[in-house]
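Here is a report on one protein chain. Have the sequence and the model side by side as you read.

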Amino acid sequence: MLKNPFYYGKFEYPEESGKWYKGSHPPLITKKIFDTVQKQLITSEKSEWGKKEFPFKDILRCGGCGGGITAEEKFKKLKYGGFNRHIYYHCTRSKDYTCKEPYISDKELIEQLIEIFDRIEINPKKMSRQLQEQLEQYQRLRADILRQEYLQGKYDKFDYDKNVDIGMIREYVKHALTNGILREQKSVLSLLPHQLYLRNRHLLLRV
């Protein structure tokens, strides 16, 4: 919660656009508390043992040898300072050390996951309570954006439907996979009905 400015009453949309909105929802923490906590938080999501966690590692198996999938970070120095962070997934080779399954970037994985979620049937009744709460938060944020754009004269009317339909769920899945934090990404991945295999940089959903 303390990594998300939504909880002190502000949100950026689209993310990294520099466009900030003041939400109509009551803030749960103050801006001062939020800023103080950010200085203490580490940037990478970590497990209780201090190891970095990668959201897609546990849902994948190697399509070449049937082994597990692991991930690693790579940092590329930018010409004018700073670094670009890249994450790559690959076979652990613990089952077959000669496995030739190639690396795949998290960007490629996310694009393929979104395509899979667009194809599969999603059952709202099987959503976890955590995912339901995240959807409700996302819906409130979305409503805040539409309301403010309506007040700015971008729309002739403002309609807010509190019901969460399949279209809204798919929209949130795309948002969480692309921009969400680790917890949000893991929540939407729980909607996958079957095991995913990685074969020649392609995701295969096997029944």
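## The loop between β7 and β8

R201 sits in the loop between β7 and β8. The model is a predicted one. The phi of R201 is positive, about 65°, although R201 is not a glycine. R201 counts as partly exposed because its relative accessibility is 38%, and the buried class ends under 20%.

N200 lies in the loop between β7 and β8 as well. Its phi is near 50°, again a positive value in a residue other than glycine. N200 is partly exposed, at 47% relative accessibility. The hairpin of β7 and β8 has two residues between the strands.

## The strands around the hairpin

Five bridges join β7 to strand β8, residues 202-206. The two strands run antiparallel. Within this pairing, Q195 stands opposite R206 in β8. Strand β7 also pairs with β3, residues 60-62. Here the sense is parallel, and there are three bridges. L60 stands opposite L196 in β7.

What does R199 meet in a salt bridge? The partner is the side chain of E101, at 3.7 Å from N to O. R199 lies in strand β7 and E101 in the loop between β5 and β6, so the pair ties together parts that are 98 residues apart in sequence.

The two ends sit in unlike surroundings. R199 is partly exposed, with a relative accessible area of 36%. E101 counts as buried, at 2% relative accessibility.

## The sheet β4-β5-β6

Three strands form an open sheet in the order β4-β5-β6, with antiparallel pairing. β4 (69-77) and β6 (104-105) stand at the edges. Each has a single partner strand, so one side of each is left without a neighbour in the sheet. Strands of a sheet pair through backbone hydrogen bonds, either parallel or antiparallel.

Nine bridges join β4 to β5, residues 83-91. In β5, Y89 is the bridge partner of A71, and R85 is the bridge partner of F75. Two bridges join β5 to β6. Y89 takes part here too, standing opposite I104 in β6.

The side chains of R85 and E73 meet in a salt bridge of 2.4 Å, N to O. R85 is in strand β5 and E73 in strand β4, 12 residues apart. R85 is partly exposed, with a relative accessible area of 46%. E73 is buried, at 17%, because the cut-off for buried is under 20%.

Is helix α5 largely enclosed or left open? Six of the eight residues of α5 (182-189) are buried, so the helix is largely enclosed by the rest of the structure. The buried residues are L182, E184, Q185, S187, V188 and L189.

The side chain of K186 meets that of E53 in a salt bridge, 3.0 Å from N to O. E53 lies in the loop between α1 (31-40) and β3 and K186 in helix α5, so the pair ties together parts that are 133 residues apart in sequence. E53 is partly exposed, at 28% relative accessibility.

## A negative patch

Which residues form a negative surface patch? They are E108, E111, E115 and D118. E115 is placed in helix α2, residues 106-119. E115 is partly exposed, with a relative accessible area of 48%.

## The whole chain

The secondary structure comes to five helices and eight strands. Along the sequence the pattern is β-β-α-β-β-β-β-α-α-α-α-β-β. The chain has 207 residues, and buried residues make up 37% of them. The count of salt bridges comes to six. Among them are R199 with E101, R85 with E73 and E53 with K186.

Conventions: Residues are numbered from 1 along each chain as its sequence is written. This is a predicted model: local features need pLDDT of at least 70, side-chain atom pairs count only at pLDDT 80 or more; totals for chains, interfaces and linings use all residues. Side-chain values use heavy atoms; hydrogens and water are left out. Two strands pair if DSSP finds at least two bridges between them. Helices (H or I, at least four residues) and strands (E, at least two) are DSSP runs, numbered from the N terminus. Patches are made of residues with over 30% relative accessible area and no salt bridge: like charges are joined within 9 Å, nonpolar side chains (Val, Leu, Ile, Met, Phe, Trp, Tyr) within 5 Å. Accessible areas come from the Shrake-Rupley method with a 1.4 Å probe; for residues, only the protein chains shown count as cover. A salt bridge is a side-chain nitrogen of Lys or Arg within 4 Å of a carboxyl oxygen of Asp or Glu. Lys and Arg count as positive and Asp and Glu as negative; His and the chain ends are not counted. The place of a charge is taken as NZ of Lys, CZ of Arg, CG of Asp or CD of Glu. Buried means under 20% relative accessible area, exposed over 50%, partly exposed in between (1.4 Å probe, protein chains only).
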